Amino acid sequence: MRLFEAIIEANHRAVAGDESAGVRPADFADELPLIALTCVDPRLNAFFPNVLALPGEEFIWLRNAGNIITGPLSSTMRSLALACAVKGGRVIAIIGHTDCQVCKTSTMKLTDAFRALGVERAGLPENLTEFFGLFASERQNVIKAVDYVRHSPIIGPKIPVHGLMVDIATGKLEWVVNGYQALDTVVAVKAQSIGHADESIDAMKSFTAFKMGEMKFPDTKIGELATGAKTRPPPGSQPGDVKAPETPAPTSPQAVPPVAPRIPLPPPIRPAILAPWVRKR
């Protein structure tokens, strides 16, 4: 059992009333500390890191409004990358929550809220949805964030990236994206690609001993094939049956046809002998 598998199991047991449910961090030393990105909602303060059954020293907590990631090289991604490279984080979890106020905020509500703070619309970015990362589904927001992290060039390819939802009323965790499965799929695809490459290399080894000077060509000279084709006996004949080619009989020159006699042309018709109605026209 891996770290998050143990966390989910312990969490569900605790929600069901099992007071002995928990995780032994010493059993997962190679997967700790854990980096979690959550929302800034103050209601989450009572849940973390207890909802993960982890002590505080094994928990790196990053927060922003709506646990939003806007791109593979955003400022939040920078913090995640530094938490891995500097703080030694081994696993990343993007954890959304139910009843998220950012999810319920439209651009119109956001504009009104800023205006109440003295910030007019002209002072805000043109595309509020893109800049603030507004979303309409907490689950889809988690899936999108996990995808950004998984494909970020500054996050190590061996780090599992999980996506979860926590019920703000009960603290129950729901697995949205199983980072282990995604990581195992990537590893399997890479192994398959390496296997195909090895097969190609093995197939090419048969050509390595090939030398141009060892190629054997027939001793036929240019022109012999055409000559041999003319003198080769027909199939089924015996050697003695071959006859010398017959010399064609000379042909007499074709007779030139006589020149046709020249027929005299009639004299031209003069206008004076045309019919009267022709002259009138």
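This is a predicted model: local features need pLDDT of at least 70, side-chain atom pairs count only at pLDDT 80 or more; totals for chains, interfaces and linings use all residues.
Local features require pLDDT of at least 70 and side-chain atom pairs pLDDT 80 or more, while totals for chains, interfaces and linings use all residues. Residues are numbered from 1 along each chain as its sequence is written, and side-chain values use heavy atoms, with hydrogens and water left out.

- An open sheet of mixed pairing is formed by 5 strands in the order 2-1-3-4-5; strands (E, at least two residues) and helices (H or I, at least four) are DSSP runs, numbered from the N terminus.
- Strand 2 and strand 5 (173–177) are the edge strands, each with a single partner strand, so one side of each lacks a neighbour in the sheet.
- From one strand to the next, the twist averages 30°, where axes are lines fitted to C-alpha atoms, for helices over the stretch in contact, and angles run from 0 to 180 degrees between N-to-C directions.

**Strand 1 and its partners**

- Strand 1 (residues 34–38) runs parallel to strand 3 (residues 91–97), with 4 bridges joining the two; strands pair if DSSP finds at least two bridges between them.
- Ala 36 has Ala 93 as its bridge partner in strand 3.
- Strand 1 is also parallel to strand 2, to which 5 bridges join it, and Leu 37 has Leu 62 as its bridge partner in strand 2.

- Helix 5 (residues 138–150) lies across strand 3, strand 4 and strand 5, and runs at about 165° to strand 4.

**Ser 74**

- Ser 74 is located in the loop between strand 2 (59–63) and helix 2 (75–85).
- Ser 74 counts as buried because its relative accessibility is 14%.
- A polar atom of the Ser 74 side chain lies 3.1 Å from the backbone oxygen of Gly 71.

Terms used. Buried means under 20% relative accessible area, exposed over 50%, partly exposed in between (1.4 Å probe, protein chains only). A polar contact is a pair of N or O atoms within 3.5 Å; within protein, one must be able to donate a hydrogen and the other to accept it, and residues adjacent in sequence count only if both atoms are side-chain atoms. Contact means heavy atoms within 4.5 Å.
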